[in-house]
Amino acid sequence: MTTNPQRIAFVGGGNMARSLIGGLVRHGADPAALAVAEPNADLRDALARDFGLSVHADNGEAACGAGVVLLAVKPQVMQPVCTALAPTLAHKPLVISIAAGVRIDQIDAWCGGGLAVVRAMPNTPALIGAGATGLCANARVGDAERAAAERILGAAGLTVWVEREDLMDVVTAISGSAPAYFFLLVEALEAAAVAHGLPADAARALATQTALGAGRMLREDGETPARLRERVTSPNGTTQAALDAFAAGGFRDLVANAVDAATRRGRELSAGSGG
Ligand SMILES: NC(=O)C1=CN([C@@H]2O[C@H](COP(=O)(O)OP(=O)(O)OC[C@H]3O[C@@H](n4cnc5c(N)ncnc54)[C@H](OP(=O)(O)O)[C@@H]3O)[C@@H](O)[C@H]2O)C=CC1
Ligand SMILES: O=C(O)[C@@H]1CCC=N1
């Protein structure tokens with residue numbers, strides 16, 4: 001078996017793998033250097049059709065000789081997937097896991113040990129190149145492997161290295177899971193406006209564009225979120241009335257509780273996926 005350091009094999013070809021593959025292809029990666037293993041034939045066919053990469057039903061076949069193996073299966077099946085792959089990983093590729101909760105030492109042990117492992121936590125805006133990914137590495141990951149991980153996840157958006165792995169569960173809570181919180185807020189704004197009589201399409205268009213505008217200001221204006229909020233809030237005006245209602249409902253505590261719950265769930269997933 002010859003190893004091709006440029007070859008990237010995805011194990012699991014679901015939503016996140018598709019987003020990351022799409023990012024790589026958009027950034028000029030050669031589809032001939034990409035492979036994916038996925039049990040679902042329809043997903044395999046769609047990936048082959050959309051990106052022109054090689055698709056496999058067998059994980060070992062996809063990973064064989066790859067310089068990078070990116071694990072994109074659910075945390076609950078990570079242990080059996082890695083254990084079955086271990087013999088194929090004897091050439092010690094860089095292993096990248098995007099699974100929530102699963103620790104680097106677990107991935108390394110299940111994959112046979114002695115591997116350079118990066119734990120990454122992307123999010124679904126990766127699909128449109130607007131993702132945010134936290135990354136954490138073990139000591140075997142050198143500069144070249146860091147650069148490779150950054151190139152792969154960076155093709156989907158922003159990357160941030162986190163040096164303490166125990167912080168990856170809170171990274172998951174505030175970026176991996178967090179698109180859902182913003183979608184929920186837009187859903188709730190739309191429902192509230194509809195209850196006041198605004199047509200649903202107008203409510204959705206206004207709430208969606210407002211979310212986009214607020215997001216762009218957060219990134220482009222250079223001001224803190226608190227200052228941006230203050231600029232909207234006229235003394236004794238409409239915004240103040242809304243913010244008072246949020247405060248009375250315990251908004252900040254509610255958000256803190258949600259982040260705690262997601263962080264805890266991440267820790268449970270590492271226990272539930274085999275130790
Ligand atoms: N969705 C998100 O927002 C994010 C998810 N993640 C992480 O990414 C990982 C994948 O999530 P996501 O893409 O949403 O999930 P999906 O279910 O869309 O993708 C996982 C894929 O893996 C396939 N699969 C199942 N068993 C195996 C196996 N033994 N070998 C190879 N492939 C297999 C599944 O096939 P089948 O459906 O047929 O079982 C499925 O297509 C998870 O670990 C999750 O924690 C990380 C960040 C964000
Ligand atoms: O909900 C989950 O468990 C996955 C990980 C982060 C986003 N989705």
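How many bridges join strand E7 to strand E8 (residues 157-161)? In this predicted model, local features need pLDDT of at least 70 and side-chain atom pairs count only at pLDDT 80 or more, while totals for chains, interfaces and linings use all residues. Residues are numbered from 1 along each chain as its sequence is written, and chains are lettered from A and ligands numbered from 1 in the order in which they are written.

E7 and E8 run parallel and are joined by 5 bridges; strands are DSSP runs of E of at least two residues and helices are runs of H or I of at least four, numbered from the N terminus. Gly 131 has Gly 157 as its bridge partner in E8. E7 also pairs with strand E6 (residues 117-121), in the antiparallel sense and over 4 bridges, where pairing requires at least two DSSP bridges between two strands. Here Cys 136 of E7 is the bridge partner of Arg 119.

Because 7 of the 7 residues of E7 (residues 131-137) are buried, the strand is largely enclosed by the rest of the structure. A residue is buried if 20 or more other C-beta atoms lie within 10 Å of its own, exposed if 12 or fewer, and partly exposed in between, with C-beta atoms placed from the backbone. Gly 131, Thr 133, Leu 135 and Ala 137 point one way from E7, and Ala 132, Gly 134 and Cys 136 point the other way.

The C-alpha trace spans about 70 × 40 × 30 Å along its principal axes.
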